[in-house]
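Colleague: I would like to go through the charged side chains of this model. Please show it first.

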Amino acid sequence: MADFNLTLSDPSTFILIGIPGLEAAHIWISIPFSMLYLIGLLGNFIVLFVVGKEQTLHKPMYLLLCMLALTDIAVSTSVMPMALCIFWFNLKGITVGGCFTQMFFLHMISVMQSAIQVAMAFDRYIAICNPLRYATIITNTRIAKLGLVGLIRAVLLMLPLPLLLSRQPFCGNHIIPHTYCEHIVVVKMSCGDTTVNRTYSLVVAFVVSGLDLTLVVLSYSLIIRAVLRISSKKAYEKALNTCSAHLCVILTSFILFLFSTLTHRFGQHISLHVHIILANLFFLIPPILKPIIYGIKIKELHDKLVKYTCRK
């Protein structure tokens with residue numbers, strides 16, 4: 001009860017209650033959550049280590065993989081430590097500023113991930129459809145600049161979320177039925193008019209995912225057409241393996257993103273604890289799958305991973 005009384009005496013604090021209805025099972029839920037989190041961190045740090053150590057992997061495609069690994073580490077770390085503190089130590093308090101900061105970084109990194117995946121599709125398009133000019137068009141410097149543009153876009157699109165919320169009144173309701181400060185959940189707590197907040201977040205979600213997915217689909221449509229024309233069986237298999245790895249990762253990310261977004265806004269008949277578990281899994285499953293998919297599908301990376309993980 002002390003946590004809930006805090007909301008009345010300290011208006012600058014929110015209370016994250018974890019998974020409503022499953023408070024008694026928090027300690028058990030924390031076991032798979034913490035294991036998934038650690039596995040995801042390990043897989044992505046291994047990718048970063050191997051690419052960093054191997055000079056032969058200092059190429060644009062692997063630079064993009066490293067960017068993706070960093071965003072996966074950042075996005076899961078922006079959510080899981082706080083969730084585990086709730087599960088293990090019952091530490092539920094978070095300042096309003098801390099809540100808005102977490103919300104901003106969480107959504108900003110997600111938009112950044114989407115931009116990186118578009119850049120990866122463009123990289124593969126040039127590599128397969130215009131291979132003779134690949135080395136001059138796609139350089140590490142250009143990839144770094146694309147990453148910077150993606151970061152600026154993400155910051156500009158997501159900055160209005162906490163700024164608009166900071167103008168909203170929350171009256172006496174400072175209890176967040178979640179493990180982290182998810183934008184639409186915090187919006188629902190406000191006792192003011194949140195039409196602008198809801199409209200902006202929904203438009204941005206669909207514009208970003210819609211535009212980026214369209215660019216990805218267009219790139220891979222042209223890539224698949226080019227791949228089907230390759231006469232060399234070895235070159236065909238190499239191109240197909242690389243593209244299928246990117247497609248698997250992109251489809252996994254976009255499908256989970258859209259599913260999480262739509263269930264939060266339109267899934268009124270889905271239990272709240274199911275919403276929250278799915279939302280957390282959205283930040284845990286992709287960071288595990290991506291290193292596995294790339295490690296299996298991209299032969300050059302696979303060989304280097306085997307070299308470092310299997311040597312005595």
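Colleague: Is Asp 72 buried or exposed?

Modeller: This is a predicted model, where local features need pLDDT of at least 70, side-chain atom pairs count only at pLDDT 80 or more, and totals for chains, interfaces and linings use all residues. Numbering runs from 1 along each chain as its sequence is written, and side-chain values use heavy atoms, without hydrogens and water. Buried means under 20% relative accessible area, exposed over 50%, partly exposed in between (1.4 Å probe, protein chains only). Asp 72 has a relative accessible area of 2%, so the answer is buried.

Colleague: Which residue forms a salt bridge with Asp 72?

Modeller: A salt bridge needs a side-chain nitrogen of Lys or Arg within 4 Å of a carboxyl oxygen of Asp or Glu. Here the closest N and O atoms are 3.1 Å apart. The pair links distant parts of the chain, helix H3 and helix H12 (residues 272–297), 218 residues apart. The partner, with a relative accessible area of 4% and therefore buried, is Lys 290.

Colleague: Which residues are linked in a network of salt bridges with Glu 54?

Modeller: Glu 54 is buried, at 8% relative accessibility. One of its salt bridges has its closest N and O atoms 3.5 Å apart. The network links Glu 54 with Lys 304 and Lys 307.

Colleague: Which residue forms a salt bridge with Arg 124?

Modeller: Arg 124 counts as buried at 10% relative accessibility. The closest N and O atoms of the pair are 2.8 Å apart. Its partner, buried with a relative accessible area of 1%, is Asp 123.

Conventions:
Helices (H or I, at least four residues) and strands (E, at least two) are DSSP runs, numbered from the N terminus.
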